[in-house]
Amino acid sequence: MQQTNTFHHRYILGISFISALGGYLFGFDFAVISGALPFLRTTFELNAWWEGFLTGSLALGCMAGCAMAGALAERFGRKPGLLLAALIFTLSSLGMAFSNTFTLFTTMRFAAGIGVGMASILSPLYIAEISPAHLRGRNVSINQLTIVIGILVTNLVNYFLAGKGVDAWRWMFGLGAVPSFIFLLGVSRLPESPRWLIAQGRLEEAANILGRIGAGDIRASLSGESHPTLKMVFSKAVRPAVIVGIVLAVFQQLCGINIVFNYTSTIFASVGADLNSQLFETISIGIVNLVFTLVAMWQVDKLGRRPLMLVGSLGLSIVYIVLALLLKNQAAVGLVSVFVLAAIALYATSLAPVTWVLISEIFPNKVRGLASSVAIVALWGAYFILVFTFPILAEKLGTYGPFYLYAGICLLGFLFVRSRVKETKGKTLEQLEQHLTRH
């Protein structure tokens, strides 16, 4: 087995970016609804309940995709799962574009969610398994970088398509088939994860890939059971890591920031912004999101995971309280925008990338795929609750009301991170397995 620790960084970076194209499509499906929602409200005559369900149908699909991905990743490998996700992305983008009924559209958005759910597990999982310890945080954060690029590009496209008539939303969704097909071609050229190959006893194939990557011997932590079960995931040794993973995943969503992403038009309409201004705000959000994601990638392996999470959660709690007061008092659009962008900046440097990094790191090698899927199913369940309930809460409490709730959740998240989350930077996955789970 390959013993060298001289990593081939350019090759690793290249295959990391290809895998992370799944993140771009995640960002597309996540963001496209923000620009399309004003058109969909009219086309499908949505009330608050159905608007929340249409938006949240992506999350329901994500949960199904996560459940599929965990089993696929362990039984057939990381690459086949990524290929299937890419195919689903392509077909669902076209399906949404050509939908003529609410039922068909939500079915296709559910299908898109399956692709998003699979990619949300498999892309960071794959990158973590082929990256050296000292660069793993940065490399896994590439997935978050492609997500935010997908969000920004989608917001720009939505802005320029908005004036193309009542069917502009069809182009917004249909154009997603282009990057989906590029992702499909890219994944077809990826090598399989050497950790998964070793777990399957396919040592010669793993040695060949490790020779291209450059890595030490990782067999010790992969001996034994090659097909994990939920019983193994929730065993006494692994359970503490699973609890941390689930809570962090749920917190990343219930912190409330995705209300800003998905309901930008609703938030700014409440303070008098017109449609053009609402869509322009989505572009500003996308730019700030991208810039501060780059900051997070620069710092995640320097400052560490834990400090970023602490600053982000506490900062969001404070910003949300100010934002709620501004919305309640009908403050100027520009002032509201400043605090919305401050919230995005905090999230992009902390909860957004670091949660994915931690989920990809804290589980033992033998159950990482399945354990990750458990945590991320919880993440998408929380996302559905968040986006489904916001239109209803906003109708009852005013647009500002829910932000007090999100501020409280962020404070609880801060306390959880401070008491339960350990630092993981600079350690190999094998070292983390020994020290965090003692599996």
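**Entry 1: α15 and α19**

I started with two helices in this predicted model: α15, residues 305-328, and α19, residues 401-420. Their axes come within 8 Å, and I noted a crossing at roughly 165°. Angles over 145 degrees count as roughly antiparallel, so α15 and α19 are roughly antiparallel to each other. I also looked up the handedness, and the crossing of α15 and α19 is left-handed. A note to myself: two packed helices are described by the angle between their axes and the distance between the axes.

**Entry 2: Leu-415**

Next I picked a residue in α19, namely Leu-415. Is Leu-415 buried, exposed or partly exposed? I found a relative accessible area of 37% for Leu-415, so I put it down as partly exposed.

**Entry 3: α17**

Then I went to helix α17, residues 351-361. How many of its residues are buried? I got eleven of eleven, so I wrote α17 down as mostly covered. The buried residues include Leu-351, Pro-353, Trp-356 and Ile-359. Ser-360 and Glu-361 of α17 are on the buried list too.

**Entry 4: the nonpolar patch**

I turned to the surface and looked for nonpolar side chains. Ile-149, Val-153, Val-157, Trp-171, Leu-175, Val-178 and Ile-182 form a nonpolar patch there. Together they have about 590 Å² of accessible area. Which helix gives the most to the patch? I found that α5 does, with three residues. Both α5 (133-161) and α7 (177-187) supply at least two residues each. My reminder on helices: residues three or four places apart point the same way, because an α-helix has 3.6 residues a turn.

Leu-175 has 37% relative accessibility, so it counts as partly exposed.

Last, I checked backbone angles. Most residues other than glycine have a negative phi, so I wrote down two residues that go the other way.

- Glu-45 has a phi near 50°, a positive value. I located Glu-45 in the loop between α1 (9-43) and α2 (48-75). Its relative accessibility is 70%, so Glu-45 counts as exposed.
- Gln-330 has a phi near 55°, again positive. I located Gln-330 in the loop between α15 and α16 (333-348). At 51% relative accessibility, Gln-330 counts as exposed, the cut-off being over 50%.

Notes
Residues numbered from 1 in each chain as written. Predicted model: local features only at pLDDT ≥ 70, side-chain atom pairs only at ≥ 80, totals over all residues. Heavy atoms only, no water. Patch = residues over 30% accessible without salt bridge, like charges linked within 9 Å, V, L, I, M, F, W, Y side chains within 5 Å. Areas by Shrake-Rupley, 256 points an atom, 1.4 Å probe, with all protein chains shown as cover. Salt bridge = Lys/Arg side-chain N within 4 Å of Asp/Glu carboxyl O. Helix = DSSP H or I, 4+ residues; strand = E, 2+ residues; numbered from the N terminus. Buried < 20%, exposed > 50% of the residue type's maximum accessible area, 1.4 Å probe, protein only. Axes fitted to C-alpha atoms, helices over the stretch in contact; angles between N-to-C directions. Parallel < 35°, antiparallel > 145°, perpendicular 65-115°, else oblique. Left-handed = near helix turned anticlockwise from the far one by under 90°.
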